[in-house]
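User: I am new to this structure and would like to understand the terms used to describe it. Could you go through them with me, setting each value against its definition?

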Amino acid sequence: PRGAARSNAGRAAQACAPRMALLQWGPDITGGRRFHIEDPNHEYQEVRRALHFDRGWARVGKKEDCELRWTLDERAIDFDKLRDAQMVNHYRDIRCLTTKAGLTRTLDEELKWTASAESSEFFPRSYALDDDANRAAFVQDFRRTACCAALKAFVSGLPALKKELTVCQWPA
């Protein structure tokens, strides 16, 4: 039947799709290159297969020299010892943008020099709990929020006060 032929063709295309994606992964830049991928959970098998089988790269051990080092954590890379042609899958000090604590610190430290806005105007309240001052601010904020919630719950039971205490304002 005609519909069956279409579905079989569709299945065949889907089966070939991963292989086709590997073949279209970019220009061939092998030249006898070597790579190491840190992959304890076997999540990067397709990358390994593309480098090894499709590109001809040689897989080497963790301590061996290579042109591409793929790690799970940027802290595993000694950026000062990288050669010019060596590639890694992380940017140096990227945690200042890719983690909530890093972004909070970056906004707190750098925004005052580059903009006339406070981070609280466009970024949710955030605290770096490994910093004593930030931890104290978090505890104070938590207590204020708990007090406001208790007041709102209390006021919701008293119709005469509803208009006067509907919103808790944060100090400027």
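Analyst: Let us begin with accessibility: a residue is called buried under 20% relative accessible area, exposed over 50%, and partly exposed in between, with a 1.4 Å probe and protein chains only. This is a predicted model, in which local features need pLDDT of at least 70 and side-chain atom pairs count only at pLDDT 80 or more, while totals for chains, interfaces and linings use all residues. Residues are numbered from 1 along each chain as its sequence is written, and side-chain values use heavy atoms, with hydrogens and water left out.

User: Why is Glu-118 called exposed?

Analyst: Glu-118 has a relative accessibility of 54%, and because exposed means over 50%, it counts as exposed. Its place is in the loop between helix H4 (100-114) and helix H5 (132-156), where helices (H or I, at least four residues) and strands (E, at least two) are DSSP runs, numbered from the N terminus.

User: What makes a patch of negative charge on the surface, and which residues gather in it?

Analyst: The patch gathers Asp-108, Glu-109, Glu-110, Glu-118 and Glu-121. Patches are made of residues with over 30% relative accessible area and no salt bridge, and like charges are joined within 9 Å. The charge is called negative because Asp and Glu count as negative, whereas Lys and Arg count as positive, and His and the chain ends are not counted. The place of a charge is taken as CG of Asp or CD of Glu.

User: Why is Gln-86 called buried, and where is it found?

Analyst: Gln-86 is found in the loop between strand S3 (68-70) and strand S4 (87-88). With a relative accessibility of 13%, Gln-86 lies under 20% and therefore counts as buried.

User: How do you know that the side chain of Gln-86 has a polar contact with Cys-66?

Analyst: A polar atom of the Gln-86 side chain lies 2.9 Å from the backbone oxygen of Cys-66. A polar contact is a pair of N or O atoms within 3.5 Å; within protein, one must be able to donate a hydrogen and the other to accept it, and residues adjacent in sequence count only if both atoms are side-chain atoms. The distance of 2.9 Å is within the limit of 3.5 Å.

User: Why is Arg-48 called buried?

Analyst: Arg-48 has a relative accessible area of 14%, which is under 20%, so it is buried. Arg-48 lies in helix H2 (residues 45-54), whose buried residues are Val-47, Arg-48, Ala-50, Leu-51 and Asp-54.

User: What makes the pair of Arg-135 and Asp-132 a salt bridge?

Analyst: A salt bridge is a side-chain nitrogen of Lys or Arg within 4 Å of a carboxyl oxygen of Asp or Glu. For Arg-135 and Asp-132 the N to O distance is 2.4 Å, so the pair meets that definition. Both residues lie in helix H5, three residues apart, about one turn of the helix. Asp-132 is exposed because its relative accessible area is 57%, whereas Arg-135, at 36%, counts as partly exposed.

User: What parts of the chain does the salt bridge of Arg-92 and Asp-80 link?

Analyst: The side chains of Arg-92 and Asp-80 meet at 2.9 Å, N to O. This pair links distant parts of the chain, with Arg-92 in the loop between S4 and helix H3 (95-98) and Asp-80 in the loop between S3 and S4, twelve residues apart. Arg-92 is partly exposed because its relative accessible area is 43%, and Asp-80 is exposed, with 64%.

How values were computed: Patch = residues over 30% accessible without salt bridge, like charges linked within 9 Å, V, L, I, M, F, W, Y side chains within 5 Å. Areas by Shrake-Rupley, 256 points an atom, 1.4 Å probe, with all protein chains shown as cover.
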